[in-house]
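Here's a quick briefing to read alongside the structure. Take a look at the sequence and the fold, then work through the points below.

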Amino acid sequence: MSRTWRPVAAVSACYAAGMAANTVPTPLYPLYQQRDQFGVSTATLVYGVYAVGVLASLLLAGRVSDRVGRRPVLVVSVVVQALGVAAFVLWPGLAGLLVARVLSGLAVGLLTPAASAFLADLYAGAGRDRAARTGTAANFGGLAAGPLMSGVLAQWGPAPLVLPYLVYAALLALGLGGLRLAPDVRPALPGWRYRPQRPAVPESGRAVFWAAVWGNLLAFAVLGLYVGMTPAVLAAIGRGGSPALTGLAVSAVLAAGTATQLSSAWLRRTRPVVPSLVLLWCGLALGTVAVWASELVTFLIGGVLCGGGAGLLFKVSVAAGMAQAEDGRDRAGVLATLFLAAYVGMSIPVIGLGVATQHTGARIALTGFAALAAGVLACVAPGLLRGHAPDERR
């Protein structure tokens with residue numbers, strides 16, 4: 001490891017900086033609403049179109065780094081991310097926000113598989129778990145750092161819709177420069193033909209697999225709720241208007257998801273589905289109570305529980321789904337299906353919730369979402385429990 005810590009740190013820093021693109025704008029949405037005069041439903045649409053870019057990039061270019069090398073794909077992802085930053089700063093108005101979010105999604109769709117594979121290459125011989133833990137820390141750590149940084153800068157710095165992106169652009173530049181420390185151990189292959197990644201369903205264990213698909217969708221729907229709707233929720237309970245508070249709330253949710261995903265040693269010694277469901281049910285219940293009682297602390301606690309439960313549910317759902325493709329047949333296609341479900345969960349439910357909020361109010365819309373999510377979780381729990389039953393015998 002002594003010879004690999006520098007390239008690992010360089011790739012991880014680039015990975016974390018790129019992932020922050022998803023959450024840097026979150027504390028700024030109320031400011032955009034004031035500037036461009038749009039409502040909550042439009043704000044959630046701006047948030048949700050990010051997933052369109054991610055999905056398009058994952059399906060069209062998710063395996064390109066296997067052929068052209070890891071580092072070139074990371075460089076392209078940083079360039080696309082920089083274009084998104086430029087759109088945020090230089091293109092005022094709703095159209096500029098939508099374009100910027102799609103570009104950010106395209107960049108993350110390029111970044112995620114390439115950076116994860118790069119770390120696996122660098123950790124070759126040191127164990128797959130170490131690469132997975134490092135990738136998780138960079139992925140969710142970047143997501144958690146983004147809103148905290150932008151919220152603080154927007155609250156107490158000048159030019160709140162410009163300064164956060166300038167700082168973020170500097171971090172991207174540092175990440176890009178650091179890639180010089182990471183030799184590409186997966187060089188380009190000559191004579192390859194481009195093929196998009198197709199989603200696939202395994203031949204056996206389909207009941208468990210579809211439970212895993214719904215588990216992924218629900219995990220990201222809950223994360224999307226807190227990332228995309230926190231500004232509106234804080235406004236509903238009388239605590240809106242503070243970018244720093246919004247950034248702190250979203251960051252705490254994502255940091256909790258990071259913590260539970262990194263608990264890999266504990267996950268091998270217990271059936272992890274049960275704690276993930278308990279955390280989510282308790283978090284959704286507390287979040288609903290907080291909205292009706294206008295309790296900030298209760299809302300924050302509910303968010304942390306939901307974040308921890310969603311992070312854990314995402315991890316166990318991917319493990320259960322991939323276990324159905326252990327024979328090695330089209331594992332990439334099965335993984336594409338699982339991520340397709342995750343990013344659909346990140347976008348469609350939150351957009352729908354934003355539309356419902358415009359018609360029924362935040363309290364009723366969030367209560368309906370919590371009740372529906374809790375019910376679907378109860379339906380998928382048996383399949384996920386079957387998928388993780390062998391863990392108890394290890």
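Arg35 comes out as partly exposed, with a relative accessibility of 34%. Keep in mind that this is a predicted model. A search of the whole structure turns up 2 salt bridges, and Arg35 is in one of them, paired with Asp36.

**Salt bridges**
- The side chains of Arg35 and Asp36 meet at 3.0 Å, N to O.
- Asp36 is partly exposed too, at 21% relative accessible area; the cut-off for buried is under 20%.
- Arg70 and Asp121 make a salt bridge at 2.8 Å, N to O.
- Arg70 sits in helix 5 and Asp121 in helix 6 (residues 94–122), so this pair ties together parts that are 51 residues apart in sequence.

**Surface patches**
- Six arginines, namely Arg63, Arg67, Arg186, Arg193, Arg195 and Arg198, gather into a patch of positive charge on the surface.
- Arg198 is in the loop between helix 8 (163–178) and helix 9 (206–236), and counts as exposed at 66% relative accessibility.
- There's also a nonpolar surface patch made of Val75, Val79, Leu83 and Leu176, with about 300 Å² of accessible area together.
- Helix 5 (residues 70–90) gives the most to that nonpolar patch, with 3 residues, and Leu83 is found in this helix.

**Helix 3**
- Helix 3 (residues 40–61) has 22 residues and reaches 32 Å from first C-alpha to last, close to the 32 Å expected.
- Of its 22 residues, 16 are buried, so helix 3 is largely enclosed by the rest of the structure.

Terms used. Residues numbered from 1 in each chain as written. Predicted model: local features only at pLDDT ≥ 70, side-chain atom pairs only at ≥ 80, totals over all residues. Heavy atoms only, no water. Patch = residues over 30% accessible without salt bridge, like charges linked within 9 Å, V, L, I, M, F, W, Y side chains within 5 Å. Areas by Shrake-Rupley, 256 points an atom, 1.4 Å probe, with all protein chains shown as cover. Salt bridge = Lys/Arg side-chain N within 4 Å of Asp/Glu carboxyl O. Lys, Arg positive; Asp, Glu negative; His and termini not counted. Charge placed at Lys NZ, Arg CZ, Asp CG, Glu CD. Helix = DSSP H or I, 4+ residues; strand = E, 2+ residues; numbered from the N terminus. Buried < 20%, exposed > 50% of the residue type's maximum accessible area, 1.4 Å probe, protein only. Expected span 1.5 Å × (residues − 1).
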